[in-house]
Amino acid sequence: MDNSIFNFCAGPAMLPREVMQQAQQEFLDWQGLGCSVMEVSHRSPEYIAMAKEAEQDLRELLSISDDYAVLFMHAGGRGQFFSIPMNLMPQGGVADHVVTGSWSRGAVKECQKYGQAKVVTDITYQGNNRGIAPQSEWQLSDNAAYLHYCPNETVEGVEFDYVPQVDAPLVADMSSCILSRQINVNDFGLIYAGAQKNIGPSGLAIVIVRKDLLGKARSDTPSIFDYQQQFKLDSMLNTPPTYAWYLAGLVFKWLKAQGGVAAVEEKNIAKAKLLYDFIDECDFYENRVVKHYRSRMNVPFYLADEALNDKFLQESKQAGLLALKGHRMVGGMRASIYNAMPIEGVKALTQFMADFAKKNG
Ligand code: PMP
């Protein structure tokens, strides 16, 4: 691997170099078994021990109590958009939804297939800048089965700087912010995350769900998406995504070695500050999110002269700064700086951006 190349992709995203190297080293011979972890049964004692340890490490990283089940599920983040209503919303029920961007809107659309998805607030603007309406303005239902929100919108780069306080169980799509900052799991009824940003390969979803919410699935819920059934069978009702689970386990060990979530959060704050400060100080670039709702993980930005977009992308790629193109829905650029992105990557990016501005401004 080349140390001077930095991948800013929003997901699947870069994984810690040390993790990738370890995975490479033991790729053909895992635990001395003479074959790859990809080739062993999920029922084998070695695999089960690894799977349990991964769960245990995640529990330690997030201080998850025994009141919560930790599930390793199929079908990525979006797989939860339907699994949540199927498991938590009674027939004819209502679920409140906070819409702050593309992903929370996507969850609404899917939920509508199973009951009423009530949008309690939609994206707000302060001037041209995206923000989030104060909670006092949300139109909450009296009888919601849960309130769904996305603490970090990957496309728009809008992140909550607080946890909403509501009576209904709080359901959070943490696909792009899990393990990036400290949280109190007890604030939530359910937390879920597609793995491909801060956890591991795509396809896997982690679900952390309060046990009193289990056992309420609609009768037509497919078994592999039924939380209670998966909980009873240690997420092995069928063959789980074994390689993704293994790699997630390596990432959890890496995080612990970094000093855990608190230590990584410090680094994430420093990385985000470096990039936002640079953007704010340079007239050539602009971020369009209200300051206290700016994401620490996904930093969208626009060039003052959008005609230079292609040139910027071409030259940044040549400089070893990959995947900076913004999401097609919002345009511009986006730098995703998840846990695995070292500060050197952000320094290289700001240096490139400064040089580009000088040459083209
Ligand atoms: N939620 C959020 C916040 C995301 O960023 C994404 C993927 N970028 C998803 C859900 C969907 O995840 P997946 O592609 O794994 O279904």
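Predicted model: local features only at pLDDT ≥ 70, side-chain atom pairs only at ≥ 80, totals over all residues.
Which residues of E11 point one way, and which the other way? Leu190, Tyr192 and Gly194 point one way from E11, Ile191 and Ala193 point the other way, and all are buried. A residue is called buried if 20 or more other C-beta atoms lie within 10 Å of its own, exposed if 12 or fewer do, and partly exposed in between, with C-beta atoms placed from the backbone.

Residues are numbered from 1 along each chain as its sequence is written. Helices (H or I, at least four residues) and strands (E, at least two) are DSSP runs, numbered from the N terminus.

**Around strand E11**

Because 5 of the 5 residues of E11 are buried, the strand is largely enclosed by the rest of the structure. Two strands pair if DSSP finds at least two bridges between them. The table shows pairings from this part of the model.

| Strands | Direction | Bridges |
|---|---|---|
| E7 (residues 147-149) and E10 | parallel | 3 bridges |
| E10 (residues 170-173) and E11 | parallel | 3 bridges |
| E11 and E12 | antiparallel | 5 bridges |

Individual residues show how these strands line up. Histidine 148 stands opposite valine 171 in E10. Alanine 172 faces isoleucine 191 in E11, and aspartate 173 stands opposite tyrosine 192 in E11. On the E12 side, leucine 190 has valine 209 as its bridge partner. E10 is covered on both faces: Leu170 and Ala172 on one side are buried, as are Val171 and Asp173 on the other.

An unreviewed UniProt entry annotates Lys197 as "modified residue: N6-(pyridoxal phosphate)lysine". UniProt positions follow the numbering used here, feature names are shortened, and annotations may be inferred rather than shown by experiment.

Is lysine 197 buried or exposed? Lysine 197 is buried, because 31 other C-beta atoms lie within 10 Å. Not counting residues up to four places away in sequence, lysine 197 touches Gly11, Ala13, Ser175, Ser176 and Tyr338; contact here puts the C-beta atoms of two residues, placed from the backbone, within 7 Å.

The ligand is surrounded by residues including Gly11, Arg78, Asp173, Ser175, Ser176 and Gly194. A residue is near a molecule or strand if its C-beta atom, placed from the backbone, lies within 6 Å of it. This shell divides into 2 nonpolar, 8 polar and 2 charged residues. Ala, Val, Leu, Ile, Met, Phe, Trp, Tyr, Cys and Pro count as nonpolar, Asp, Glu, Lys and Arg as charged, and the others, Gly among them, as polar.

**An open sheet and a helix**

Elsewhere, 3 strands form an open antiparallel sheet in the order E13-E14-E16. Its edge strands, E13 (285-286) and E16 (333-336), each pair on one side only. Helix H7 (residues 260-281) packs on the sheet, touching E13, E14 and E16, and its direction makes about 15 degrees with that of E14. Axes are lines fitted to C-alpha atoms, for helices over the stretch in contact, and angles run from 0 to 180 degrees between N-to-C directions.
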